[in-house]
Amino acid sequence: MISDTIAAISTPLGEGGIAMIRISGPEAVSIADTIFYAKQKASDMKTHTVQYGYIKESDTGLKVDEVLLTVMLAPRSFTKENVVEISCHGGLIAVKKTLELLLLNGARLAEPGEFTKRAFLNGRIDLTQAEAVIDLIRSKSDRAYSVAMKQVEGSLSDKIVNLRKLLIELMAHIEVNIDYPEHDVEELTYKYIADKCSQAILIIDELLKNANQGKILREGIVTAIIGRPNVGKSSLLNLLARENKAIVTDIPGTTRDVIEEYVTVGGVPLKLLDTAGLRETSDVVEKIGVERSKESLKDAELVLFVINQNEPIHDDEIKLFHELKNKQVIVVLNKTDLPNKIELNQLTNQFTEEQIVKMSIKNDQGQSELEKVIANMFFNGKIESTDSSYVSNVRHIHLLNKAKRSLEEALKGTHDIPIDMLQIDIRNAWEDLGEVIGDAVSESLIDQIFSQFCLGK
């Protein structure tokens, strides 16, 4: 039973039109009464209504802010507790003073993600829905947002619940067969168990089918833009970001550190890393930038290798050919508006034609071709419909694979293992699936998940 009342600022700190403070817990309304002055007290308001008034210091009567206060009484709130939301003027001082008054009058400062954690603990949402809330906040593309929204609505939860129901019914039949062997309940045989396990495995396979796409949509593809100085790396970043994020000059060595930017290319979120030009240099600062570029290359899931077709291929680029052997690489052959001075077979000996994209970044040419190549490389040419139930969370993917392995063990055992032994693997699968939605999950895991949330969520 949760007995204390929490409060936190739920909007980003800084100047803005409105800032919002959320209070949740059994004393939320009475605490609001101590600082809210209006025609009607918070405790006299009907649930889900809004009242105009002032926040005042109770001892001095000094007005702190002019606000709108909303009351949502349990259980009809996000946390299933009494919730009060105070909409203040956006800015640092008013919202900070209002929160301080709430804390002075009995509220406790909420921990990161504690509102969503209470929604989970009070049965308002399950763990997949809670985790989807943070995905919703962090979405980098429309498609990632749609996937997260469907999970918040319970699309994945429903499938897991139905799958667990199938397994619990199978376990019940096995128990009856063990306890009453003289009764052949629904002709329970090894074939029946095998059929049910196969059915469950097919459902898990369907969920995992788009797991790689879901993970990419959730986290983005770490993409390093590499190449020699002045080949157009920063220009490519600016083109994909659709704004001037990186300084572009004709002076080699302008980019001296790794610049990060999230972009969406053809519906695919990329975490772009614009790196310093890879070359031998005596400049101390540029040398550090080159080393950081090489580190970024190690972690990259996709490499955009930019080459200037208006110059012969350089020895530094030939060295990179060997370093990129085990990487997903797209060669961006830039400056196609200028005469070609490279031998194309030097590239085709190392990369397939599908990996080479010709572009004139200066003239905005070739971007659509680049988007198609990325989609082909990671999504087999297309991203599945948003109607699909994407599994995008690494924890979910791990548990689904674990459950699948247990069911495969049970399936193999239907030839020669006693029925009561098969029950162990089936129960393990059922428990792993329960961990996905938060049924019988450890307290430390719950704390770890919700610690990733922002303070007022």
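1. Helix 9 (residues 233-241) has eight of its nine residues buried, so it is largely enclosed by the rest of the structure. The buried residues of helix 9 are Lys233, Ser234, Leu236, Leu237, Asn238, Leu239, Leu240 and Ala241. Buried here means under 20% relative accessible area, exposed means over 50%, and partly exposed lies in between (1.4 Å probe, protein chains only). Arg242 follows helix 9 and has a positive phi, near 60°.

2. The model is predicted: local features need pLDDT of at least 70, side-chain atom pairs count only at pLDDT 80 or more, and totals for chains, interfaces and linings use all residues. Residues are numbered from 1 along each chain as its sequence is written, and side-chain values use heavy atoms, with hydrogens and water left out.

3. On the chain as a whole: the protein chain has 16 helices and 13 strands. Both are DSSP runs numbered from the N terminus, helices being H or I with at least four residues and strands E with at least two. Of the 457 residues in the protein chain, 48% are buried. The protein chain exposes about 22700 Å², and carbon and sulfur atoms supply 50% of that area; accessible areas come from the Shrake-Rupley method with a 1.4 Å probe, and for residues only the protein chains shown count as cover. Among contacts (heavy atoms within 4.5 Å) between residues at least 6 apart in sequence, 68% join residues at least 24 apart.

4. Helix 7 and helix 15 form a packed pair. Two packed helices are described by the angle between their axes and the distance between the axes. The axes of helix 7 (residues 190-209) and helix 15 (residues 419-437) come within 12 Å and cross at roughly 10°. That makes helix 7 roughly parallel to helix 15. Axes are lines fitted to C-alpha atoms, for helices over the stretch in contact, and angles run from 0 to 180 degrees between N-to-C directions; angles under 35 degrees count as roughly parallel, over 145 as roughly antiparallel, 65 to 115 as roughly perpendicular and the rest as oblique. Helix 7 contributes Tyr190, Ile193 and Cys197 to the contact, and helix 15 contributes Ile419, Leu422 and Ile426. By class, the contact of helix 7 with helix 15 has six nonpolar residues, no polar and no charged ones. The classes are: Ala, Val, Leu, Ile, Met, Phe, Trp, Tyr, Cys and Pro nonpolar; Asp, Glu, Lys and Arg charged; the others, Gly among them, polar.

5. Asp432 is also found in helix 15. At 8% relative accessibility, Asp432 counts as buried. Apart from neighbours within four places in sequence, Asp432 is in contact with Leu399, Lys402, Ala403 and Ser406.

6. The whole structure holds 15 salt bridges, each defined as a side-chain nitrogen of Lys or Arg within 4 Å of a carboxyl oxygen of Asp or Glu. One of them joins Asp439 and Arg164, at 2.9 Å from N to O. This pair links distant parts of the chain, 275 residues apart: Asp439 lies in the loop between helix 15 and helix 16 (443-450), and Arg164 in helix 6 (residues 155-179). Asp439 is partly exposed at 37% relative accessible area, whereas Arg164 is buried at 10%.

7. A salt bridge also joins Lys404 and Asp205, with the closest N and O atoms 2.7 Å apart. Again distant parts of the chain are linked, Lys404 being in helix 14 (residues 394-413) and Asp205 in helix 7, 199 residues apart. Lys404 is buried, with a relative accessible area of 19%. Asp205 is partly exposed, with 28%.

8. Glu409 is partly exposed at 40% relative accessibility, and Lys412 is exposed at 55%.

9. Salt bridges also form a network, which links Asp4, Glu81, Arg108, Glu114 and Arg118.

10. Ala94 is placed in helix 2 (residues 93-104) and counts as buried at 16% relative accessibility. Leaving aside neighbours within four places in sequence, Ala94 is in contact with Val64, Asp65 and His89. The C-alpha atoms of Ala94 and Ala19 are separated by 8.9 Å, the two residues being 75 apart along the chain.
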